[in-house]
Amino acid sequence: MKLSDIRSALRDLPLSPAKRLGQNFLHDQNLARWIVDQAQITSDDYVVEIGPGLGALTRFILQKGARVLAIEKDARLANFLRMHIDDERLEILHADALKFDWRSLFAHRQVTLLANLPYNISSPLLLRLLEQPSPISLCLLMLQKEMAMRFSASPSSHDYGALTLLVQLHHRVKYLRTVPATVFFPQPDVDSAVVRISPRDSLELPARDDELLASLVRGGFSQRRKQLRKLIRTHVPDWNKVASHLHINPNARAEELSLLQWIDLANFIAPLPRPDARLTKTERFPVVDKKDRILGHASRSEVHGNNLFHRAVHILIFNEAGDVYLQQRSRWKDRHPLKWDSSAAGHVGAEENYDETAQRELKEELGVSVPLQKISKLPAAQRTDHEFIWIYRGLVSGNLVPNKCEIERGKFLSPAVVDGWTSARPEDFAPGFLECWKTYRRKMRSECSSLIQHPQIFSEANDAGSSA
Ligand code: SAM
């Protein structure tokens, strides 16, 4: 939008730009077009724009043919856009981006976040958005220059800090260009900059305990001028030994350590356990016929190599809010590494039945024992990796203790989010899970509809429950 258009739109609304909402409107159209071009948007993309304002970027995004969700906190601006941009691919949401449930975006295959962000929300917003797993494939952002320098900083520079490392742990950040205050109306007090933030490949950095790493980084940067040895004493009592082992200057300050050195440090303090490959090799499973009757036993590699029918369990653990826990399989798994999977799952062992396996897997993978309800049994087929699978369901009220040998990370998500994610990006999931989830959801829907059609089932069940 030209400066004269911005002035007249604000006069007509009427709206006097609010500093607390970061209302500095972009009037350089070439720059607006350039920013949108950097995101390489196609008509397959779903673009989320935070703070569309008067639509300076929105119009160029729509020209790319993408669908756009524009989240605007100021009701007058949201209404202005509704009246002035008539495009069925544009959805305008009058809401605070800090309160938006980002997980709903998992229902879209390719999500780009594009924004000229209000300065005051950029850091909390990004830390929330970039939490793992994140549905966002690319962020193209105009930020306060100082913030852009912090996100993209290198070690030993003035801007390098805890925020840099927390963002760069899962993302690559590229500083694209500085933008002078003169391209905005009203002009802000400081310059801005455009950055591109894209997710790292999951195997780009070594495995580590992200929570420990974050706590080390926060401790290390809590007093910038102090030497690291004093700030992380509780984690590393014998600093000289550790520093020499990791080739770190013993008198270093936090800002001197690269991201890889921070990861090395976390892994030295608490080495991540790796699964014992020998155990996997010697494991034996019952081999069954097409009616699930035991024929004999075979090793893991024989079973998988020859597509022999065998048995497995999948357990779906819910919390009291009704969310289901999904785990991302460890990078060291021989099958489907880094794919998202049921809360816990595993093969039925040589001397076990299905129920015993379910309880063992739950304890081994999530560190809990809770009553499990049998939900449904899937027949062995190619899409289940030739496994007969019993699906179980359980409820937890306390914390899970995910086994780091088996699980890269985990997350409770609402069933609706899992439905959206599995249909938008099935390749993110282990195939067995997709089958189990489809069956589970079908079963739940049919139970709900029979309760609606035959409410007496519900009252009978309740009566039985209260008299028991
Ligand atoms: N995109 C427009 C442009 O480039 O001209 C406006 C950018 S202006 C820097 C920031 C916009 O974010 C304003 O429209 C403001 O009302 C909106 N905004 C501020 N806080 C917000 C929040 N928490 N959630 C959503 N929008 C917000």
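Predicted model: local features only at pLDDT ≥ 70, side-chain atom pairs only at ≥ 80, totals over all residues.
**Overall look**

I started with the whole chain. I counted 17 helices and 18 strands. Along the principal axes, the C-alpha atoms fill a box of roughly 80 × 70 × 45 Å. Of the 468 residues, 50% count as buried. The chain exposes about 22,800 Å², and carbon and sulfur atoms supply 50% of that area. I also checked contacts with a separation of 6 or more: residues 24 or more positions apart account for 65% of them.

**Domains**

Domain 1 runs over 3–199, domain 2 over 210–269 and domain 3 over 277–463. Taking centres over C-alpha atoms, I get 39 Å between domain 2 and domain 3.

**Helix 8**

I then went to helix 8, which spans residues 210–220. Which of its residues are buried? I noted L212, L213, A214, L216, V217, G219 and G220. For a helix in general, residues three or four places apart point the same way, because an α-helix has 3.6 residues a turn. Among the elements covering the buried residues of helix 8 are helix 7 (162–168), helix 9 (228–231) and helix 11 (259–269). I also looked at the start of helix 8, where a side-chain oxygen of D209 comes to within 3.0 Å of the backbone nitrogen of E211.

**Ligand**

The ligand took up the next page. There are 22 residues around it, and the ones that come nearest are L26, G51, E72, D96 and N116.

- The side chain of Q23 has an N or O atom 2.9 Å from an oxygen atom of the ligand.
- For G53, a backbone N or O atom lies 3.4 Å from a ligand oxygen atom.
- At A97, a polar backbone atom is 2.9 Å from a nitrogen atom of the ligand.

How much of the ligand's accessible area does the protein cover? I find 98% of the 600 Å² that the ligand has on its own. Strand 1 (25–26) and strand 3 (67–72) are the elements that give two or more residues to the shell around the ligand.

**Cysteines**

Last, I looked for disulfides. I wanted cysteine sulfur atoms paired within 2.5 Å, and the count came to zero. I also checked how buried two of the cysteines are. C139 has a relative accessible area of 1%, so I put it down as buried. C436 counts as buried too, at 1% relative accessibility.

Notes:
Residues numbered from 1 in each chain as written. Heavy atoms only, no water. Buried < 20%, exposed > 50% of the residue type's maximum accessible area, 1.4 Å probe, protein only. Domains from an automatic or database assignment. Helix = DSSP H or I, 4+ residues; strand = E, 2+ residues; numbered from the N terminus. Contact = heavy atoms within 4.5 Å. Polar contact = N/O pair within 3.5 Å; in protein donor to acceptor, adjacent residues only side chain to side chain. Near = heavy atom within 4 Å. Areas by Shrake-Rupley, 256 points an atom, 1.4 Å probe, with all protein chains shown as cover.
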